[in-house]
Amino acid sequence: ILAAGIALLSAPARAQDNPPQTPAPQTTAPQAAPAQDNAAPGVTPPESTARFSFNRVDDGFVRLDKVTGQVAMCSARAVGWACQAMPEEREALEKEILKLSDENVALKKELAARASPPAAKPEAGGSDQHLKLPTDEDLNRAMAFIEKVWRRLVEMIANMQKEMMRKV
């Protein structure tokens, strides 16, 4: 349906500004305006103030209401011309957007309710705002630990070498 509407707007040479009138019995569709058919290439016809725009299709004409944007299929019937409104997908899309927006708001509220309460902010000048660096005593203990681990590792390697030499 959207494609039909776009086709209406993109084919000005085939558009007609007046709605179809009851045709003579030998005519099945309104004729396009001759001024538009004979227009020079690159020359745009003057803007029309007509409410409806028509585009020829296999079964009749597609009518675009330039004010409301509604699209209708017009075809010849036994009693004359009849236009039947085409279903609008735009309304369905707008309803879906509204539904998803409401769902999004509900999910955000639920997420906010599940979130843990924020931790109390420390006061200005509090001890939480300063980085506590290790003291010399802390560094000495860490170095002693690393040194002890290194010595054990070297000792294990030396013991393994001795055992390998005995087995050979």
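Q: In which helix do R141 and E137 both lie?
A: This is a predicted model, in which local features need pLDDT of at least 70 and side-chain atom pairs count only at pLDDT 80 or more, while totals for chains, interfaces and linings use all residues. Residues are numbered from 1 along each chain as its sequence is written, and side-chain values use heavy atoms, with hydrogens and water left out. Helices (H or I, at least four residues) and strands (E, at least two) are DSSP runs numbered from the N terminus. R141 and E137 stand 4 residues apart, about one turn of the helix, and both belong to helix α4.

Q: How far apart are the closest N and O atoms of R141 and E137?
A: Side chains of opposite charge can pair when their charged atoms come close. A salt bridge is defined as a side-chain nitrogen of Lys or Arg within 4 Å of a carboxyl oxygen of Asp or Glu. R141 and E137 form such a bridge, and their closest N and O atoms are separated by 3.7 Å.

Q: Is I157 of the nonpolar patch buried or partly exposed?
A: I157 also lies in helix α4, residues 136-167. With W150, L153 and V154 it forms a nonpolar surface patch that has about 400 Å² of accessible area together. Patches are made of residues with over 30% relative accessible area and no salt bridge, like charges being joined within 9 Å and nonpolar side chains (Val, Leu, Ile, Met, Phe, Trp, Tyr) within 5 Å; the areas come from the Shrake-Rupley method with a 1.4 Å probe, and for residues only the protein chains shown count as cover. At a relative accessible area of 44%, I157 is partly exposed.

Q: How many salt bridges does the structure hold?
A: One of them joins the side chains of E96 and K99 at 3.9 Å, N to O. These two residues lie 3 residues apart in helix α3 (residues 89-114), about one turn of the helix. E96 is partly exposed at 35%, and K99 is partly exposed at 47%. The structure holds a total of 6.

Q: Which residue meets R51 in a salt bridge?
A: The two side chains come within 2.7 Å, N to O, in the bridge of R51 and D65. The pair links distant parts of the chain, with R51 in the loop between α2 (34-37) and β1, and its partner in strand β2, 14 residues away.

Q: Which residue in β2 is the bridge partner of F52?
A: Strands of a sheet pair through backbone hydrogen bonds, either parallel or antiparallel. Two strands count as paired if DSSP finds at least two bridges between them. β1 and strand β2 (residues 60-65) run antiparallel and are joined by 6 bridges. In β2, F52 has as its bridge partner D65.

Q: Which strands stand at the edges of the open sheet?
A: The open sheet has 4 strands in the order β1-β2-β3-β4, with antiparallel pairing. Two of the strands have a single partner strand each, so one side of each is left without a neighbour in the sheet. These edge strands are β1 (52-57) and β4 (80-85).

Q: Through how many residues does a hairpin join β3 to β4?
A: Strand β3 (residues 71-77) pairs with β4 in the antiparallel sense over 6 bridges. Within this pairing, S75 has A82 as its bridge partner in β4. The hairpin joins β3 to β4 through 2 residues.

Q: How far apart are the sulfur atoms of C74 and C83?
A: A disulfide is a pair of cysteine sulfur atoms within 2.5 Å, and a search of the whole structure finds 1. Its link is right-handed, with 105° about the S-S bond. C74 is buried at 0%, while C83 is partly exposed at 35%. The sulfur atoms of C74 and C83 are separated by 1.9 Å.

Q: What share of the residues of the protein counts as buried?
A: The protein comes to 4 helices and 4 strands. From the N terminus on, these elements run α-α-β-β-β-β-α-α. Of its 168 residues, the share that counts as buried is 15%.

How values were computed: Buried < 20%, exposed > 50% of the residue type's maximum accessible area, 1.4 Å probe, protein only.
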